[in-house]
Amino acid sequence: MESSIFLDEVNERQALFQRRAFLFGGLAGAGLLALGGRLIQLQVIEASRYQLLSEHNEFEFVLSPPPRGLILDRNGVVLASNRPDFRLLLAKDETTDVDAILARLAQLVPLDDAHLSRLKDEINDAPRKAPVAIVEDMTWEEFSRVNVRAPELPGVTADMGEVRVYPFSGAFAHVVGYVAKVSAKDVTATGPNADPIMLNPGFRIGKQGVEKAFDLDLRGKAGARKVEVDVKGRVVRQDPRGDIPPTPGSPIRLTLDSDIQNRALDVFGEDSGAAVMMDCRSGDVLCLLSAPSFDANQFVKGLTAAEYRALAEYERKPLFNKALTANYPPGSTFKTMVALAALERGFDPSRVFVCNRVWNWGGRPWHCDHAHGALDMRGAIAKSCDIYFYQTALAVGPDHIAATARKFGLGEIHDIGIPGQKPGLVPDSEYKRRNFPKDPVWHAGETPSLGIGQGYVSVNALQLCVMASRLANGVTAVKPRLVHSIGEVAQPSGAQAPGLPFAPEHLEFVRSAMGAVVEFGTAARYAQLNLGPIRMAGKTGTAQSHNYTGAAQGEHGAHGAWALRDHAWFIAFAPHDAPRYAMSVLVEHGGFGAEASAPKAVEIMRVALLKDPEIRARIVQPVPRDDPAVGAPT
Amino acid sequence: MTVSAIRGPGERERLVVKLTQIDWTLCLLLTAIAGIGVVMLYSIAGGAWSPWAGRHLILYGLCFVLMIALGTVDLRVWFALAYPVYGLGLLMLLAVAVVGHSTMGAQRWLDIGPVRIQPSEIIKIGLVLALARFYHGLSAARARWSWWLLVPAVLIGAPAALVAHQPDLGTAVLIAATGGLMMALAGLSLRVVGIGLLGLGAVVPAAFFFALKAYQRARLLTFLNPEADRSGAGYHIIQSEIALGSGGMLGKGLGLGTQSQLNFLPEKSTDFIFASMAEELGLLGCATVLLLYGAVIFVTLRTAAIAHSHFGRLAASGVTISFALCVLINGAMVMGLAPVVGVPMPLLSFGGTVMITMMAGFALVLSVRVHRYSEVTRG
């Protein structure tokens, strides 16, 4: 029996409940309608705005680095190019346990302790937000091994980049330079508008030579890949239609000739010095070598501290570009300038001075290395007599000598596009007035030293090569040109230069005297080309590397400890009768100029001459043939 | 009313007859919603049954059978179990307060052997039963306004306070609101209801500054201005709105919702499943689901209205209230109209305990309908 004890109230309770339930149902329905209204607002009225926001979430543009421009020699031989590089990137955030990841990586790819500690520094130093390339240049096997184990390496992604490669490793290291990783300093140095590509992992910028000077041309413009990313920024898909292709860097063609430059490096071996060759008609620099050199590819990879120390502390200083920065007195090569200045001042070249090895003037003895006897100017140049030029210089005076030397490019920084040249010094009375406030006068006693290219005067190999080129050219003050073209844009030729304000017959006199140097003078034993009618003209020079003390004065420091020996110069041009190639060679601490430098000049010059078809035609006489049919296949 | 099937006394007690009395419309509606949930969970897993869709389907299937079975249980049994279930839920809430399992910084779980139980879900159904039972024996006059109403106030206040202490503010509010609305449906004076609402309006700001924890305060503030904290607490709301808005009229298509597929949308399988669905199925899908929810509310409320027993009325309406509040709160939260609180979308969201208690609630509604002509004694 079922019954309620509140039967009288049942109807009242039920009616009340049903009214209230109806009310509640209405409220719930209103709530649902409100939700529907909000949905219409979001999904219909503001849909386009949210669709845009969703795409911003979904897609990201990842910079794709442009291929770096090639660097070529005059004939199109590649001096710097790019090769594919399998590498691993680490995207770090606050939670990354770098040590653990590196430890796990070390089981997959060879990583020694030195490498590991350097990596940790690099990861710490890397600009914020930029992924770090932690392993590069992996073999395909290593690359795939890491790829398979990727889930165990959070934050590590494998990718294929490009890395710079220098096929001739050392020969062009100083001129072409090298690229290396971007440091935080590089980024701040470029100011607030730093190219974002600089933060790209493994991106490298030019740090030396042409790579540095023309970095922006070579770099090109970064493109972008449109990728779909998840909330953690991992790439889920690529969208090739949205890609913006990168603009490749412009190729840069240099005027250098790789055959000549490579031969020059061979010829130097472990000797320290520089060799510069120019086409004396156009000013094109065919060779710009500094020796000993280093492997530029090592810098691309990154040197360990020990490797860098080994290079930096080696006494023959492989890291310096000696062709531009090793400034020394020109020694006897400077006598060409003294002679020309004298001729221009009306000095009679047939005038004879007698050399007895010692000449007393101004209350002190002045030495020569031989007792040359009676010499006219031609003989004095050929035999490189100091006593003759002490007196000639005194007759001309420092200011005229300096003015002549400057016209030939000494004391000047030549704009060949790459930085790091030292101007050297061509002294005159003005120089003394300006720089020696306590003794602002040029003393006559300082002139004889200048006459033999010693004392204040200092030059580098490039300047001496310019001097030799202008002497050989005879008409135009050619300017050196290193960069042939950037992209399609040719750089102005060095031949577009003002004329040389010297009498042609005086220049011809100096040239023929330089011919005599090789013919019977100081370089006769060392500077024979052995190319038939093609002969070289030149001038030897020896620069004191330090002041000789008392007893040794007048002796050339040709022997003894390497670091104490003299620097050997040789300038040359060939063919002597119709000059095309001019060069300068410096052998640091090489001793006597002719012996150390001239043979190197010969070897390098031979390459240039033998490559020149017109010169070859002069050397190789056609063999007369009786019957052209003989030997032909039947 | 269709009573033609009834031929004689005791006829209604036969199982076969009971099954014919099951509200199959409600079953169909619930299955449709759960089915959409399975499709969405399959889609956001990248087109895979694991980890969500398969388990959701199996759980719903089991719960469905359980629901039908419980739906045939005599309403008097439910009546008898009302206080025990409530008492058990309250005890478990107390246990959680002492040795609960901490998830996301809140003590909400209780491990009993291999089973992990969320007592706040059990108390939801327990409270509905207990209130229904209490009001079953209360006259309309007393239900309107009397000292007797201290009993339901305590019945509601005790679990709400314990859940708020966990802290799970969303569920606590849900429990309090369910209880409050049941009191209103049971006949609480509308004047008192109005005064109560005004009182709440005064207490809430005070509670905001003195009773809430820092993260709860931050959530509320973030809700008011999500742009102020884009990557932190505002992230949920912004990403959810982007998911909804970018869905547009017809949606991006199943499996093509970038917001959920790429994990920009947090809690995409649980609390924010509605946003996942809105993104992939658009306004069309959302409107369909809201209509289904509305239909469920209508059908269950109608069941409450036609029940002969006051216990049945209140029990069915209590389940409806709890369900409707869940839907409205979750919907408002996902659409950026309410602060982010941990209230799931019933049947759509993935989650075990919620599904079980929700289906148990509907079993109660089914039982009310099956036994709608029964009078339930007071004792």
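# Briefing on a predicted two-chain model

Pro292(A) is placed in the loop that runs between β12 (285-291) and α11 (296-301) of chain A. The structure is a predicted model. The peptide bond leading from Ala291(A) to Pro292(A) is cis, and its omega is near -10 degrees.

**Backbone geometry**

- Most residues other than glycine have a negative phi, and most peptide bonds are trans.
- A cis peptide bond also joins Ala574(A) and Pro575(A), with omega at about -15 degrees.
- Pro575(A) belongs to the loop between β20 (567-574) and β21 (581-587) of chain A.
- His589(A) is not a glycine, yet its phi is positive, at about 50 degrees.
- The loop between β21 and α22 of chain A holds His589(A).
- His589(A) counts as buried because its relative accessibility is 12%, and the cut-off for buried is under 20%.
- In chain B, Leu347(B) has a positive phi of about 70 degrees, although Leu347(B) is not a glycine.
- Leu347(B) is found in the loop between α14 (310-334) and α15 of chain B.
- The relative accessible area of Leu347(B) is 5%, so this residue is buried.

**The two chains**

- Chain A contains 23 helices and 21 strands.
- Chain A has 634 residues, of which 51% count as buried.
- In chain A, 73% of the contacts between residues at least 6 apart in sequence join residues at least 24 apart.
- Chain B contains 15 helices and three strands.
- Chain B has 379 residues, of which 56% count as buried.
- In chain B, 73% of the contacts between residues at least 6 apart in sequence join residues at least 24 apart.

**Nonpolar cores**

- In soluble globular proteins, nonpolar side chains tend to be buried together.
- The largest nonpolar core has 139 residues, and Met277(A), Leu288(A) and Met605(A) have the most contacts inside it.
- Helix α22 (residues 593-611) of chain A gives the most to this core, contributing 10 residues.
- Leaving aside residues up to four places away in sequence, Met605(A) touches Met277(A), Leu529(A), Met536(A), Ala572(A), Phe573(A), Ala574(A), Tyr581(A) and Met583(A).
- A second, separate core has 118 residues, among them Ile175(B), Ile321(B), Phe323(B) and Val343(B).

**Helix pairs in chain B**

- Two packed helices are described by the angle between their axes and the distance between the axes.
- The axes of helix α4 (residues 75-99) and helix α7 (residues 150-165) of chain B come within 9 Å and cross at roughly 25 degrees.
- Because of this angle, α4(B) is roughly parallel to α7(B), the cut-off being under 35 degrees.
- The crossing in which α4(B) passes α7(B) is left-handed.
- On the α4(B) side, the residues in contact include Tyr86(B), Leu90(B) and Leu93(B), and on the α7(B) side they include Val154(B), Leu155(B) and His165(B).
- Sorted by class, the contact of α4(B) with α7(B) has 12 nonpolar residues, one polar residue and no charged residues.
- The axes of helix α2 (residues 24-44) and helix α15 (residues 352-370) of chain B come within 10 Å and cross at roughly 165 degrees.
- Because of this angle, α2(B) is roughly antiparallel to α15(B), the cut-off being over 145 degrees.
- The crossing of α2(B) and α15(B) is right-handed.
- Leu26(B), Cys27(B) and Leu30(B) of α2(B) make this contact with Phe362(B), Val365(B) and Leu366(B) of α15(B).
- Sorted by class, the contact of α2(B) with α15(B) has six nonpolar residues, with no polar and no charged residues.

**Two individual residues of chain A**

- Ser458(A) lies in the loop between α19 (447-451) and α20 (461-473) of chain A.
- Ser458(A) counts as buried because its relative accessibility is 15%.
- Leaving aside residues up to four places away in sequence, Ser458(A) touches Asn327(A), Tyr328(A), Pro329(A), Pro330(A), Gly424(A), Leu425(A) and Gln463(A).
- Ala184(A) is part of helix α7 (residues 184-189) of chain A.
- Ala184(A) counts as partly exposed because its relative accessibility is 40%.
- Ala184(A) and Asp125(A) are 59 residues apart in sequence, while their C-alpha atoms are 7.3 Å apart in space.

Notes
Residues numbered from 1 in each chain as written. Chains lettered and ligands numbered in written order. Predicted model: local features only at pLDDT ≥ 70, side-chain atom pairs only at ≥ 80, totals over all residues. Heavy atoms only, no water. Helix = DSSP H or I, 4+ residues; strand = E, 2+ residues; numbered from the N terminus. Buried < 20%, exposed > 50% of the residue type's maximum accessible area, 1.4 Å probe, protein only. Contact = heavy atoms within 4.5 Å. Core = buried A, V, L, I, M, F, W, Y, C linked by side-chain atoms within 4.5 Å. Axes fitted to C-alpha atoms, helices over the stretch in contact; angles between N-to-C directions. Parallel < 35°, antiparallel > 145°, perpendicular 65-115°, else oblique. Left-handed = near helix turned anticlockwise from the far one by under 90°. Nonpolar A, V, L, I, M, F, W, Y, C, P; charged D, E, K, R; others polar.
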